[in-house]
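Welcome, and please open your viewer. We will go from stop to stop, selecting a few residues each time and looking at what is there.

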Amino acid sequence: MPALKDILYKVSLVSASGDMSREISEVVFDSRKVAEDSVFVAVRGTQADGHRFIPAAISDGATAIVCEELPLEMQENITYVAVRNSAEALSLMAINYYNNPASKLKLVGVTGTNGKTTVATLLYNLFSAMGFKSGLLSTVVNRIGAGEVEATHTTPDALSINKLLAQMVEEECTHCFMEVSSHALDQKRVYGIPFTGGIFTNITHDHLDYHQTFDHYIASKKLLFDNLPSDAFALTNVDDKRGRIMLQNTKAGKHTFALRSPAEFKAKMLSNSLQGLELDIDGKQAWFRLIGAFNAYNLLAVYAAAILL
């Protein structure tokens, strides 16, 4: 079993008390899943505050607690770690617990209001057809190679994401294509994950029940690009007027696609009927069984991402 101090690698600590070398059986943030010798991470969620469940977690066998606010009464033989942000800590701890699986894959995140599922799925199908053993994390289904895993959220929680990525590595996948929702970005579920590339499809006034303002929604999407490493690619639709905003301040290589605007990757619709789309993509004509201008954008994004990979 890994030591607590190793699982906390790169986590921003405020204070720590107790045995940091103790072995940890697993990382949990749901007190109902606590097992003997686990570390419980108290996360402030939209529905409940994990700090309320610290006593229950200890009672069920947790031997280490990671939280933003230390309890007033601390028990003996329990290790308490105060962190700046529990959600960020949970994501980094998940990465460490599963040995940073994303670093062993070419992981591409797709964000935007519409087109995420289509783009991620088409990339998975394309790379699988080209002979690359690939993974898919989407709203509809999660795939590890040819195998299927039920999907419950657009983007799973940090522990589930890294567990699935670790399974992909174990199954010798080389690529993974992943929908990344604004909720997941805002809630730090993919915080610290080293993406190979990020794709922005478009943005409309959606999910404002959660984000409250359109500016917050845009800022949440932009987090994917803000956190890309310098050797990654950032690919954006510049026909969407917010497309270029995604590229501001990113360290990644900046790339653009469009049907109407000047861009690095260009396409033109030659025909759009119930039979399908005929596109001119970078000077080459191709026929697709998908229909609609929105799918012309999706197909162009897939083409551009495949070239960049």
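Begin with two helices, α3 and α5, whose crossing is right-handed (a crossing is right-handed if the near helix is turned clockwise from the far one by less than a right angle, and left-handed if anticlockwise). To find them, select residues 86-97 for α3 and residues 158-170 for α5; their axes come within 8 Å and cross at roughly 20°. Axes here are lines fitted to C-alpha atoms, for helices over the stretch in contact, with angles running from 0 to 180 degrees between N-to-C directions. The two helices are therefore roughly parallel to each other (under 35 degrees counts as roughly parallel, over 145 as roughly antiparallel, 65 to 115 as roughly perpendicular and the rest as oblique). Helices (H or I, at least four residues) and strands (E, at least two) are DSSP runs, numbered from the N terminus.

Before moving on, know that this is a predicted model, in which local features need pLDDT of at least 70 and side-chain atom pairs count only at pLDDT 80 or more, while totals for chains, interfaces and linings use all residues. Residues are numbered from 1 along each chain as its sequence is written, and side-chain values use heavy atoms, with hydrogens and water left out.

**Next stop: aromatic rings**

A pair of aromatic rings is described by the distance of the centres and the angle of the planes. This structure holds four aromatic pairs; rings of Phe, Tyr and Trp (its six-membered ring) pair if their centres lie within 6.5 Å, and planes under 30 degrees apart count as stacked, over 60 as edge-to-face and the rest as tilted.

Select phenylalanine 127 and phenylalanine 177: their ring centres are 5.2 Å apart and their planes are at 45°, so this pair is tilted. The pair links distant parts of the chain, with phenylalanine 127 in helix α4 (residues 116-129) and phenylalanine 177 in strand β10 (residues 175-179), 50 residues apart. Buried means under 20% relative accessible area, exposed over 50%, and partly exposed in between (1.4 Å probe, protein chains only).

**Next stop: a loop with a buried threonine**

Now select threonine 63, in the loop between α2 (54-59) and β4 (64-67). Threonine 63 is buried, with a relative accessible area of 11%. Which residues does threonine 63 contact, leaving aside its neighbours within four places in sequence? They are Arg22, Ile24, Asp37, Ser38, Asn77, Ile78 and Thr79, where contact means heavy atoms within 4.5 Å.

Asparagine 77 sits in the loop between β4 and β5 (79-83) and is exposed, with a relative accessible area of 66%. Its phi is near 65°, a positive value in a residue other than glycine.

**Last stop: an exposed arginine**

Finally, select arginine 289, in the loop between β16 (284-288) and α9. Arginine 289 is exposed, at 77% relative accessible area. Leaving aside neighbours within four places in sequence, arginine 289 is in contact with Gln275 and Gly276. Try the distance tool from arginine 289 to glutamate 278: they are eleven residues apart in sequence and 8.9 Å apart in space, C-alpha to C-alpha.
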